[in-house]
Amino acid sequence: MRRSFPFGLNPYSTNTLASVLRALLIPRAITVHLSPMSTQSFQLRLNPLTGESEWVVITEEENERDNNDKNPSSSKSLLAHTSYLDMLNDSYRNRAYRRAIEAAITRPCHVIDIGAGTGLLSMMAARAMASVGGEKEGRVSACESYLPMVKLMRRVLRENGMVNKVKLFPKRSDEIRVGCKLDSRADLMVSEILDSELLGEGLIPTLQYAHDELLVPNPKMIPYRAITYGQLVESTFLRKLCDLHNQEISASDGIQLSPVITQNLISLKPKQYAMQCDALSSEIKLLSEPFKVFEFDFWKRPESNREAEITVQATNEGTVHAIISWWVLQLDEAGSIFYSTAPKWISSQYITNSLPGKDWCDHWKQCVWFIHDTGLPTLRGKNVSIRAFHNDISISYDTTPEVNKDNSSILKWYEERIITLLPERIGLYGDGNWRLAFITAIRNALNRRSSPLCVVADDSVFLTVLLSSLSESSNVIAFFPGLKDNGTQYIKAVSSSNGFSSDRVRVLESKVSSFAMFEKKIEILVGEPFYYGNEGMLPWQNLRFWRERSLLDLALAEDALVVPCKGILKICAVSLPDLWRSRCSLRDVEGFDHSSVNQTLGACGNLPEMQQGPCLAFYLWQCGEIEKLSQVYQLMDFNISKPIHSCLGKLQMKFLKPGLCHGFAIWIDWVLDEMSSNIVSTGPDSRYWKQGVQLLSVPQPVNSTTAYCAEVEASFDHLTGELSIKSSFS
């Protein structure tokens, strides 16, 4: 599974460098063997407040200080924001693997577990081996390459008495050789290197190497098979996430980020996007029955690339805006144990095998492939032709009409893009209310200045185009810290469509911190704030804009206008039973003690008194059942018109209705213009931003008759960008 690191990062995709480095910001882990007895890992991690990367050194040796270390750079904080906890709380998944392992091990054999994590599957195999009398003859080898997880696995093995029953290899599986510590090929391979798309964790290269070098001919495999399915859907919301051009036509404000639909200068990355599609079930019109895309038989060596021609009969008239896909695992050879990531509207036993008792989970979602342009019109009973492709790490689709099926059209469409954005950013840039808020604020600022020097401190191409098109006399400087040269090319490409010369926009290649003074004082400083590649951050980590504003303090005019001028930290008590259940602390997992992993993996529920888990970033609208229990409170102000400084906030919270409070939703409202109270909210009512979620160690029953039920304190450290929140209930 994809372990959902902060910002969508995955530092330990199992076996291929390509899969490890496929995201620009992923914390890159480099392991160095200093001696036969010592290993260090250097983890590259992004500092969200500075935008700079820093190396974190992790050693394999554990000691008392490491177990109690609260330093945010320690190995445990690297795992606290992953979905490992959610995966281990998935009782249906755990039970399915246990049943499959027990069915497969009928005699002493050699089992290899690739991508072992905490060692749960390895311990299941060792226990099953013991039950058939194979403790002496049987062997279990576990491969885990990510050093922070290796440390955690050693602890779990030790506490379950499994150190001598599971042989741990702290390396990638393609670094293992038979005859070098691994004494023989394995008879059975167990693994769980699957993400929401199925292939993104390097499943195919892992299986290829395993079949070539690590497994006997015709080995037993768990899982035994996987099948991916798709379904054609129409959805107004999904269309908004991929069709910026037509959204801009509806906005009618004259700003054209996507002026020509055939150019796609700004577009989505060509990939499937993991999403909790159940949250959209009431807004989706199904245009086909589910159809099979690819079948992967794990028991034989997979191919790296395949193509499938699929004919799908439309069941409704409409426009295909997306293909929603999922997969079904057959864990055992007999075909009696299944696991599915299908959305809940799929009721066919063939597709889901019913899966009774399967709870909401976040570690695997459905995937969405967006149909570019305005979608694909369909008529009931008519056939839709689809070509599906897969390579080593991804699945893609092409719905180009038959006459153009030479691949050139879709490849050209993707090659022409200059900037690729996530779907939520595409949807935001096309949102009429959001655009109007900024247009109003920027127009008001320009009306108060004559020929101003305007600086865009973040990666907002929208604000750069807006400033340049609204005022012919303004001078615009943009930093584009994440977009860099792509930002420059993009402004040149869209300038004429927006009525200005690209020569009027100067893009600086250096960091904001390098420019304490300009040839002229800055009169208007703006940001959304938005930093390219950092979309998955906690809301207050965009206070990087406040820090950038502070670095430019000497270059600002005394009466400079800053947009946004203020950030307001908002908080609301919420009931989140599904999310809380998926993040609660572990004890017994299929008979194995996992209580020692809770702090390391960021457990949020059922913790000892006075302990609480980390604040996590989620799209709340995708978090299953949710209910607001209180009004929205203002917890803290960030006055961006002044240099950055630490802040404190405290409030007493009343509840509007009875319920079970699982924690707090936290976000920032950006005040663009204090004179007009022009505010852009990033709260849960919007689907374009993630919110922060602070889950309680113990859910609290609340009612609306108590004078006040909760006291919340918060502190913001301007040096680290960390926000700490504490709560107590009376």
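Biologist: Where do I start? How many helices and strands are there in the protein chain?

Modeller: Start with the inventory. The protein chain has 18 helices and 41 strands. Keep in mind that the model is predicted.

Biologist: What share of the 730 residues is buried?

Modeller: Buried residues account for 58% of them. The chain still exposes about 29,100 Å². Carbon and sulfur atoms supply 48% of that area.

Biologist: And contacts along the chain? Of those between residues at least 6 apart in sequence, what percentage joins residues at least 24 apart?

Modeller: The figure is 77%.

Biologist: Next, sheets. How do strands pair?

Modeller: Strands of a sheet pair through backbone hydrogen bonds, either parallel or antiparallel. Here is a case. An open sheet of 5 strands has the order 27-26-25-28-29, and its pairing is parallel.

Biologist: Which strands stand at the edges?

Modeller: Strand 27 (505–507) and strand 29 do. Each has a single partner strand, so one side of each lacks a neighbour in the sheet. On average, neighbouring strands of this sheet are turned by 25° against each other, direction ignored.

Biologist: How many bridges join strand 25 to strand 28?

Modeller: There are 3 bridges between strand 25 (residues 453–456) and strand 28. Take Cys454: its bridge partner in strand 28 is Ile524.

Biologist: Which helix lies across strand 28 and strand 29?

Modeller: Helix 17 does, and it runs at about 165° to strand 29.

Biologist: Why is helix 17 called largely enclosed?

Modeller: Count its buried residues. Buried means under 20% relative accessible area. In helix 17 (residues 544–551), 6 of the 8 residues are buried, so the rest of the structure largely encloses it. They are Arg544, Phe545, Trp546, Glu548, Arg549 and Ser550. Their packing partners include strand 28 (522–526), strand 29 (556–563) and strand 35 (633–639).

Biologist: Show me another helix. Which residues are buried in helix 10?

Modeller: Leu244, His245, Asn246, Gln247 and Glu248 are buried there. Their cover includes helix 9 (236–240), strand 12, helix 13 (423–429) and helix 14 (432–447).

Biologist: What about the loop that follows? Is Ser258 buried or exposed?

Modeller: Ser258 is buried, at a relative accessible area of 6%. Its loop runs between helix 10 (244–251) and strand 12 (266–268). Not counting residues up to four places away in sequence, Ser258 touches Leu244, His245, Glu248, Ile266 and Tyr490.

Biologist: Which peptide bonds are cis?

Modeller: One runs from Ile222 to Pro223, with omega near 5°. Pro223 sits in the loop between strand 10 (215–222) and strand 11 (225–234). Another cis bond joins Val563 and Pro564, with omega about 0°. Pro564 is in the loop between strand 29 and strand 30 (566–575).

Biologist: And where is phi positive?

Modeller: Leu198 has a phi of about 95°, although it is not a glycine. Leu198 is buried, with a relative accessible area of 0%. Lys484 has a phi of about 50°. Lys484 is exposed, with a relative accessible area of 51%. Just after helix 10, Ser252 also takes a positive phi, about 55°.

Biologist: Last topic: salt bridges.

Modeller: Side chains of opposite charge can pair when their charged atoms come close. The whole structure has 32 salt bridges.

Biologist: How far apart are the closest N and O atoms of Arg301 and Asp212?

Modeller: They are 2.9 Å apart. The two residues are 89 residues apart, with Asp212 in helix 8 and Arg301 in the loop between strand 15 (291–297) and strand 16 (306–313). Arg301 is partly exposed at 45% relative accessibility. Asp212 is partly exposed at 33%.

Biologist: What is the salt-bridge partner of Asp559?

Modeller: Arg449, with the closest N and O atoms 3.5 Å apart. Asp559 is in strand 29, and Arg449 is in the loop between helix 14 and strand 25, 110 residues apart. Asp559 is partly exposed at 47% relative accessibility, whereas Arg449 is buried at 15%.

Biologist: Which residues do shared partners join into one network?

Modeller: Salt bridges with shared partners join Arg225, Lys292, Glu295, Asp297 and Lys300.

Methods
Residues are numbered from 1 along each chain as its sequence is written. This is a predicted model: local features need pLDDT of at least 70, side-chain atom pairs count only at pLDDT 80 or more; totals for chains, interfaces and linings use all residues. Side-chain values use heavy atoms; hydrogens and water are left out. Buried means under 20% relative accessible area, exposed over 50%, partly exposed in between (1.4 Å probe, protein chains only). Helices (H or I, at least four residues) and strands (E, at least two) are DSSP runs, numbered from the N terminus. Contact means heavy atoms within 4.5 Å. Accessible areas come from the Shrake-Rupley method with a 1.4 Å probe; for residues, only the protein chains shown count as cover. Two strands pair if DSSP finds at least two bridges between them. Axes are lines fitted to C-alpha atoms, for helices over the stretch in contact, and angles run from 0 to 180 degrees between N-to-C directions. A salt bridge is a side-chain nitrogen of Lys or Arg within 4 Å of a carboxyl oxygen of Asp or Glu.
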